[in-house]
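Biologist: I am new to this structure. Please show me how to read its overall features.

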Amino acid sequence: MTAIDAAAPVSGVRPQEPTSSFRFVVGAIVMGVGAAIVGAATLGIGWLWGAATAGVVYGVLWWLGLARSPIDAGIMVIAGAVSGQWFVAVLDGRAGPVDIAETTPAALGFVVFGAAVAWALRHRLTVAAAALVTVSWAAAVALPTQYGVGLGILADLGRRELREGVLQVLGSSFFTMVPLLAVLFAGSLTVALATKRAAPASVGLAVVMSVISFNMIEFSVVELFTQASQIGDLAKEFWPPTWTWPKTIGQEPTNVIIDPFIETLQIAVVGATLGCLMALPLAFMAARPTTPDEPTYWGAKSFMNVIRTIPDLFWAIIFTAAVGFNAFAGALAMVFFSLAIMSKLLSETVDSIELGPLEAARATGSRHAQVIQYAALPQVLPNYVAYALYIFELNVRASVVIGIVGAGGIGRLLNEQRNFFQWDRVMAIVIVIFVTVILIEMVSILIRRRLV
Amino acid sequence: MIEFTNATVVYPGGLKALDDVTVTIEPGEFVVVVGLSGAGKSTMLRAVNGFVPIVGGSVKVLDQEVRGASNKDLRGLRSNIGMIFQTFNLVNRARVMNNVLMGRLAQVPRWRSTLGMWPEDDKELALQALERVDIIEKAYIRASDLSGGQQQRVGIARALAQDPKILLADEPVASLDPVTSHMVMRDLQRINRDLGITTLINLHFLDLARAYGKRLIGLRDGKLVYDGDIADVSDEVFRDIYGRAITPDDLLET
Amino acid sequence: MTDSTELWTKDDTGPVIRPDEPRWPKIIRWIAVIVIIGPLIWGLLGLEISADNLRRAPGQMWNLVQQVWPPDFSETGRTFEKILESLYVAWIATIIGATLSFPLGFLAATNIAPRSVTLPVRSLLSGIRAFPELVLAIMLIPAFGLGPFPGALAIGIHSIGTLGKLTSEVIEGVDEGPIEAIRASGGTRMQAMQFGVVPQAMPNVLAYWLYRFEINIRASAVLGVIGAGGIGDEIYSRFLFVPDRSKGFAALLVMIATVLVIDAISASVRRRIITGQPSRSMMARLMQRLFAKKRPAETSS
Ligand SMILES: Nc1ncnc2c1ncn2[C@@H]1O[C@H](COP(=O)(O)OP(=O)(O)OP(=O)(O)O)[C@@H](O)[C@H]1O
Ligand SMILES: [Mg+2]
C-alpha cells in the first residue's frame with residue numbers, strides 16, 4: 001500500500017471528470033455537415049451516399065464513445081442506405097407536382113435513420129430519450145416536408161437545377177433544408193440529452209426556427225439594403241409634412257388632426273380608467289390569497305389568461321363588428337385591453353402579499369369584501385397606481401392603432417390618408433403621435449418614480 | 001363560555017392536531033396554554049373561532065356550535081372574539097387608526113366600510129381601545145413606523161375595538177424582548193381584570209405563564225395532559241407536558 | 001406584579017391628549033377621486049357615448065354573438081398557415097431585435113458606457129419605442145411593398161427599442177465585483193464585458209428575448225390588418241363581412257389557443273432560465289419522470 005492509497009478515504013469514489021460538451025458540439029457539427037452532404041448529393045446513387053453518411057455519423061458516435069457496437073454500425077448503415085434511396089425515389093418521381101404520398105416516404109426514411117441513431121445511442125441514454133430523439137427527428141422531417149409540399153416548392157425544384165447549382169440551392173431551397181434542419185435539430189437534441197444540458201437543443205431549435213422563418217417569409221438582407229438605398233426618393237414624398245388640409249373637397253385647408261387627436265386621448269382615458277377599475281375585482285378573484293373559492297379562482301384566472309392573448313387591434317375588430325365604426329367601439333376595446341393587462345399584473349402582485357393581515361381581518365368577523373378592501377388593497381395600492389399609469393401609457397399607443405380598423409381617433413385619419421397615398425399628411429400625423437407618446441411616457445415615468 | 005367536548009381537529013394533510021380534548025372555560029377566566037412546539041396550542045385557539053377544521057366532538061363558544069357553523073354564524077361569532085397574533089398581523093401601509101378600526105368592520109353597515117365613512121361611535125371606540133393600551137399618540141402614524149412592542153399594542157387595540165367577549169392570544173410576546181414582553185402581558189392581564197374579558201393565551205415561556213396565568217392547560221401531541229391551577233403545577237407536571245425536565249430555554253429570564 | 005398598576009397610566013395621569021386627525025389623507029383621497037373621475041367624464045362626454053348608445057350595446061353584442069356562433073372551423077388549415085406566417089414574422093422580428101439591441105443595451109448602460117454615449121443611445125431607444133409597430137409598418141410598406149417582410153422589419157425595429165432598454169437595465173443591475181476583478185488583473189474592457197458582465201446578465205436578457213417573442217406574436221398578428229402578412233388580415237376581413245364572421249371567430253379562437261400554448265411553453269422556459277431550476281409545469285414533470293429512471297445498461301444484441 002502506498003501512502004497515497006492509505007490517505008484516500010475508505011469509500012472515496014472520485015467524481016468522474018465531466019464529459020466535455022465541446023466534443024459533443026464538434027460531433028454535432030460533423031454530423032450536420034455529413035447530413036448536408038447527403039442532402040445535396042443523394043441525387044444519383046442514393047443508397048451509397050446514405051450508407052456513407054451513416055458511416056460518418058457512426059464514426060462520430062464512436063469517437064464520442066456513444067456507440068461501440070458493430071451491430072449498431074450495421075443497423076445505421078442499412079438505415080442510411082434505405083433513407084438515401086427513398087429520397088432519390090422521391091426526387092425521381094418529382095417530374096410533375098409532388099404530393100404528400102410521394103414525400104412521406106422520404107420523411108419516413110429519415111425517421112428510420114433517426115431511429116437507428118437513437119438505437120445506437122441507447123447504451124448511453126434511456127429508452128425514453130431514444131424515443132424522444134426519434135420523435136423529434138420525425139417531426140423535424142415530416143413537418144417541413146409536408147409544408148414544402150403544400151407550398152409546391154418541391155414541385156418547382158428540378159433535379160437538374162440542384163445538380164447545376166448545388167451551393168446556391170443549399171442556401172435557399174426548402175428541399176435541401178429539410179434534411180439539413182432535421183439533422184441539425186435531432187443532432188442538437190441528442191447532444192442535449194447526452195450532456196443533460198438544455199442549451200445545445202435550444203440553440204439547435206433556435207437555428208432551425210430562424211432558417212425556416214427567414215426562408216418562409218423571404219426575408220432578405222439584400223433587399224433590405226437595396227430598398228434602403230432608394231429611401232431618398234421615398235423620403236421626398238414624406239417630407240415636409242403637411243399640417244393642414246381640407247376636411248372635404250372644396251373646403252379651406254384647416255388643421256383636421258386636432259379633433260381626432262383629442263378623441264384618441266379620450267378613448268385612452270376612458271379605456272384605462274374603466275379597465276383598471278374593472279380589473280380590481282377580477283384580480284382579487286384570480287389571486288390565491290384573496291380568492292373566495294376554488295371555482296372562482298380557476299374561472300377568473302382562465303378568463304384573464306384568455307383575454308390576455310387577444311391583441312388590442314382584435315378587440316377593436318370585435319367591437320366595431322358589434323357596435324359600429326365609432327369611438328364607442330374604440331373605448332370598449334381599450335377597456336378590455338386594459339382589463340387584461342391590469343388584472344394580470346395586479347393578481348400577480350396580490351399573490352405575494354402578506355397573509356397575516358388578511359387572517360387578522362377575518363378574525364374580526366369581517367366579510368370577504370371587507371377583508372380584501374382593508375387588509376389586501378392597502379398592500380398593493382402603490383403598485384396598482386404605478387400599473388395604472390403604465391397602462392394609460394400603453395393605452396395612448398394602442399388607441400392610435402385601433403383607429404386603423406375604424407374604431408375612431410387619430411388612427412382612423414392615419415388610415416384614410418394612407419389609403420390616399422398622402423404621405424406628407426401621414427408624416428404629420430405620425431409626428432403628432434410620436435410627440436404625444438414621448439410626452440406621456442416622460443410624465444408617467446416622473447410620477448412613477450415619485451411613487452416608489 | 002368556551003366548551004371543548006371531545007374536540008378533534010384534523011388538518012387536510014391528515015395530521016391530527018387536536019385529539020379528543022375536553023375543556024370548559026368560564027367567563028372572565030385567564031387561561032394559559034402551554035406545550036411543545038407542534039403540540040397543538042395554536043390549533044386549540046383557532047378552533048375557538050373556527051379557523052381550523054373540527055372533525056370530531058364539539059366546540060361550543062358563546063352558546064354557538066363552531067363545528068359546521070355557517071359562514072354567517074362564524075362571522076357573528078368571530079366579531080365577538082378578539083385575536084392577537086405573534087407577528088402582530090397589522091396592515092403595515094395603513095395608519096394605526098385604520099388598523100384598529102378593522103376591529104369594527106363586522107359592526108358597521110357595508111356602505112360605510114366601503115366608502116371609509118366610519119360612524120363617530122366606532123371611531124370613539126377605536127380611540128378608547130388605543131388609550132387602553134396607551135398608544136393613543138400614535139393613532140395617525142403608519143403601522144410600519146412603530147416598534148415591535150408598539151405594534152403588538154395596536155394589535156391588542158384592534159382586538160379590543162371589537163368589544164369582544166373573548167380574547168385569543170397566540171404567543172403574543174414571542175417576537176418581543178423581555179421588558180416589552182412583560183409590558184404587553186401586563187396589559188393583557190389588566191384588560192382581563194378590568195373588562196372581564198375571557199382570555200386564552202398561548203405561551204412558550206413557563207415563567208411568563210407562572211407570572212401571569214391563573215389556570216394552565218397543558219397540551220402534548222394534541223392531547224390534553226394538564227388542566228388546573230397554575231400554582232399546583234409541579235416539575236412532575238412540566239415533565240408530563242414537555243416530556244423532559246425544565247431547561248433554561250423554557251424560561252424568558254434565567 | 002406589584003408595579004402593574006403603576007404601568008397602567010390611564011387612571012393616574014388623567015386623560016391623555018388625543019392627537020388631531022390629520023387632514024391630508026382626506027384631501028388626497030378627494031384629489032384622487034377628482035383625478036380619476038374628472039378625465040373619465042371628460043372622455044365619456046367627448047366620445048359622445050349617449051344613453052342610446054349604451055342601451056343598444058348589449059343587443060348589438062348579442063347580435064354579434066349570434067353571428068359568430070357556432071364558429072366555423074372549415075378553414076382551419078388556412079388559419080394555421082396564416083398563424084405560422086405570424087410566428088415566422090414574430091421570430092424574425094425577435095431575432096432582429098435581440099441581435100441589434102444587445103450591443104445597444106451595453107451602450108445605454110450607465111455603468112459601462114460614458115454619459116456622452118448613453119445619453120444619445122437612450123434617446124434613440126426611447127424614440128424607437130414611441131412608434132407603435134403598426135405606425136412603423138405603415139411607413140415601411142411603401143418602401144418594401146405589402147407582405148410579411150416590412151411587418152417583420154417594423155416589429156423588429158420596435159423590439160430593438162424595448163429590448164435595448166431592458167437589456168441596459170439588466171446590465172446596470174449586475175454585480176460590479178467581477179468586472180473590477182478582471183480589470184484589476186489586467187483584463188481589457190472587452191474582456192471585462194465578456195467574462196464579467198455577459199454571464200451575469202445573460203439569463204435575464206434571454207428571458208426578456210423570449211418574453212418579447214410572446215409579445216411579438218401578438219404584434220405580428222395585428223400587422224396582418226394592414227397587409228403585412230399573418231393571421232390579422234384573415235380575422236379582420238372575415239369580421240367585416242357579416243356572413244363570414246363565424247369563420248373569423250373560428251380563426252380568432254385558433255389563434256387564442258395557439259398563443260396560450262406558446263405563452264405557457266415560453267413562460268416555463270423563462271422560469272427555468274432565470275431560476276436555473278427545472279420548471280414545475282406539467283410537461284416538465286412528465287419529462288422528469290421519463291428520464292429519472294435509468295435503466296441498467298443492456299448488452300448489445
Ligand atoms: N394549516 C395546517 N395544515 C396542516 N398541518 C398543520 C397546519 N397548521 C398546523 N399544522 C400541524 O399541526 C400540528 C400542531 O400545530 P400548532 O400550530 O397547533 O402547534 P403549536 O403548538 O402552536 O406549535 P408552535 O409552538 O410551534 O406554534 C403541527 O404538527 C403542525 O405541523
Ligand atoms: Mg403556534
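**Reading two chains**

Modeller: The accessible surface of chain A is about 20,300 Å², and carbon and sulfur atoms hold 69% of it. Such areas come from the Shrake-Rupley method with a 1.4 Å probe; for residues, only the protein chains shown count as cover. This is a predicted model, in which local features need pLDDT of at least 70, side-chain atom pairs count only at pLDDT 80 or more, and totals for chains, interfaces and linings use all residues. Residues are numbered from 1 along each chain as its sequence is written, chains are lettered from A and ligands numbered from 1 in the order in which they are written, and side-chain values use heavy atoms, with hydrogens and water left out.

Biologist: How much of the accessible surface of chain B belongs to carbon and sulfur atoms?

Modeller: For chain B the share is 46%, out of about 10,100 Å².

Biologist: What percentage of the residues in each chain count as buried?

Modeller: Buried means under 20% relative accessible area, exposed over 50%, and partly exposed in between (1.4 Å probe, protein chains only). In chain A, 52% of the 452 residues are buried; in chain B, 57% of the 254 residues are.

Biologist: What are the spans of chain B along its principal axes?

Modeller: The C-alpha trace of chain B spans about 55 × 45 × 35 Å.
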